[in-house]
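Good morning, and thank you for making time on the agenda.

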Amino acid sequence: MTRFWIAPFLPVLLLASACLLGGWWSVAALISVTALVMGLDRAFAPAPVTPDPSHEAEGHRINIALGLAHLALMPLGVWALTEGPLDGAAGWVTALALGLFFGQVSNSNAHELIHRKARWPRRLGVAVYATLLFGHHASAHPKVHHVYVATPRDPNSAPLGMGFYRFWPRAWIGSFRAGLEAENRLRQGRGGLHPYVGYVGGALASLALGGAIAGWTGVLVWTALATYATMQLILSDYVQHYGLMRAEKPGGGWVPAGPEHSWNAPQWYSSALMLNAPRHSDHHENPARSFPDLRLDHATMPMLPRSLPVMAAVA
C-alpha cells in the first residue's frame, strides 16, 4: 500500500510548494506527474496483487485525504496563478502540472469516491467533480456508463475509427444528457432535491470562488484548469474503451459486458498514481472492489502497448 500513498501525495506536496514558492518547485511538480512517472514505470515490474481485508480501509483513508487535498489545492492553484507569486514560465509550468494532477489523480480519486456505499464519501466525490465543472459524472458514470458500456447507448465508449476531438464534445454533452435522463427516470414520483441542481450549483459556486479570488481572471483560470482536467478524464474513457464494442444479440440488446470490453495497463507507478484506474476490466466486473485489490488476472483482458497516460497523450 505504500506506493498508493507516495505516488499521488508527492505531487500534492510539490504542487502546494510550487503555488507558494514558484521557481524550481514548479519544475519539480511537473516532473512528478510526467517524467518521473514514465521513468519509474520502466524501472520496475508491475506490482502483484495480494488481496487483504485491510486494503479497503486504508484505501478509503487515501481516498478521503486526496479528496480533501484537491478541495484545498484547486483554489490555491487559482490564487497562485492570478494573485500569487507565479508569473511567466513558472506560471505556465505550474498550471500544466496542476491540470495534469487534477485530470489524472483527482479524477481517479473522485471516481473511487462516487462508487462508495457511504453517503458522505460519495458527496466528497461529487464535490471534487463539481469543482471540475463536471458534477454530472457522478450520475452518468454509474447509471449510464456502467450499464451501457461498449454499446452505442454509452456516450463514453468510442467506436473504432472515431478520433478524440470528435469524441470529446460527444462524451461531455452526451453524458450530461444521459445522466439527466437516468436520474429523471429514477426520480419519477419522488420528492427532494434533484442531483443536477447540486451539480450545477456546485459548478457555479466553484466559479464564484474563482471570482472572489481574482475577479473574472480567476473565473477564466478556474475554467481553464477544469477544462484541461476533464479533457483528461474523457481521454481516459476514450482510451480504455476505444473500439471494444459488445456484439448485438439476434433478438435485440447486447451480449453481457466482460473483461474483454476494456483496455488495461499493468505499469507500476502510473497505476499507483491513478489508484489502479488502468486496471479497468476488473473495475467494470467489480465496481465496488477497493482500488488496491483490482486485478489483471483474466486472459481475455486487452492490454495497451504503453501506460494509460502515454496512450492518452498519443490519442
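Let me begin with Asp-282, which is buried, with a relative accessible area of 5%. Buried here means under 20% relative accessible area, exposed means over 50%, and partly exposed lies in between, with a 1.4 Å probe and protein chains only. Asp-282 forms a salt bridge with Arg-289, and the closest N and O atoms are 2.9 Å apart. Arg-289 is partly exposed, at a relative accessible area of 23%. By salt bridge I mean a side-chain nitrogen of Lys or Arg within 4 Å of a carboxyl oxygen of Asp or Glu.

Some remarks on the source. This is a predicted model, in which local features need pLDDT of at least 70 and side-chain atom pairs count only at pLDDT 80 or more, while totals for chains, interfaces and linings use all residues. Residues are numbered from 1 along each chain as its sequence is written, and side-chain values use heavy atoms, with hydrogens and water left out.

How many salt bridges does a search of the whole structure find? The search finds 3. Another one joins Glu-183 to Lys-143, with the closest N and O atoms 2.7 Å apart. Because Glu-183 lies in helix α8 and Lys-143 in helix α7, this pair ties together parts that are 40 residues apart in sequence. Helices are DSSP runs (H or I, at least four residues), numbered from the N terminus. Glu-183 counts as buried at 4% relative accessibility, whereas Lys-143 is partly exposed at 32%. There is also a salt bridge between Glu-112 and Arg-116, whose closest N and O atoms are 3.3 Å apart; both Glu-112 and Arg-116 are buried.

The structure holds 3 cavities of 30 Å³ or more. On a 1 Å grid over the protein atoms alone, a cavity is a set of points where a 1.4 Å probe fits but cannot get out; a pocket is an open set with protein on both sides within 12 Å along at least five of seven lines; and lining residues have an atom within 4 Å of a point. Grid points are joined across faces, edges and corners, and a volume is the space filled by probe spheres set on the points.

The largest cavity has a volume of about 180 Å³. Of its 19 lining residues, His-111, Ser-236, Gln-240, Ala-277 and His-280 lie nearest the centre. The second largest cavity has a volume of about 50 Å³, and α7 gives the most to its lining, with 5 residues.

What of the largest pocket? About 510 Å³ of space lies in it. It is lined by 24 residues, and the closest to its centre are Ser-307, Leu-308, Pro-309, Val-310 and Ala-313. Helix α9 gives the most to this lining, with 6 residues.

Finally, the surface. Leu-20, Leu-21, Trp-25 and Trp-79 make a nonpolar patch of about 420 Å². Such patches consist of residues with over 30% relative accessible area and no salt bridge, with nonpolar side chains (Val, Leu, Ile, Met, Phe, Trp, Tyr) joined within 5 Å and like charges within 9 Å. Accessible areas come from the Shrake-Rupley method with a 1.4 Å probe, and for residues only the protein chains shown count as cover. Trp-79 lies in helix α4, residues 54-82, and is partly exposed at 33% relative accessible area.

Definitions and conventions: Helix = DSSP H or I, 4+ residues; strand = E, 2+ residues; numbered from the N terminus.
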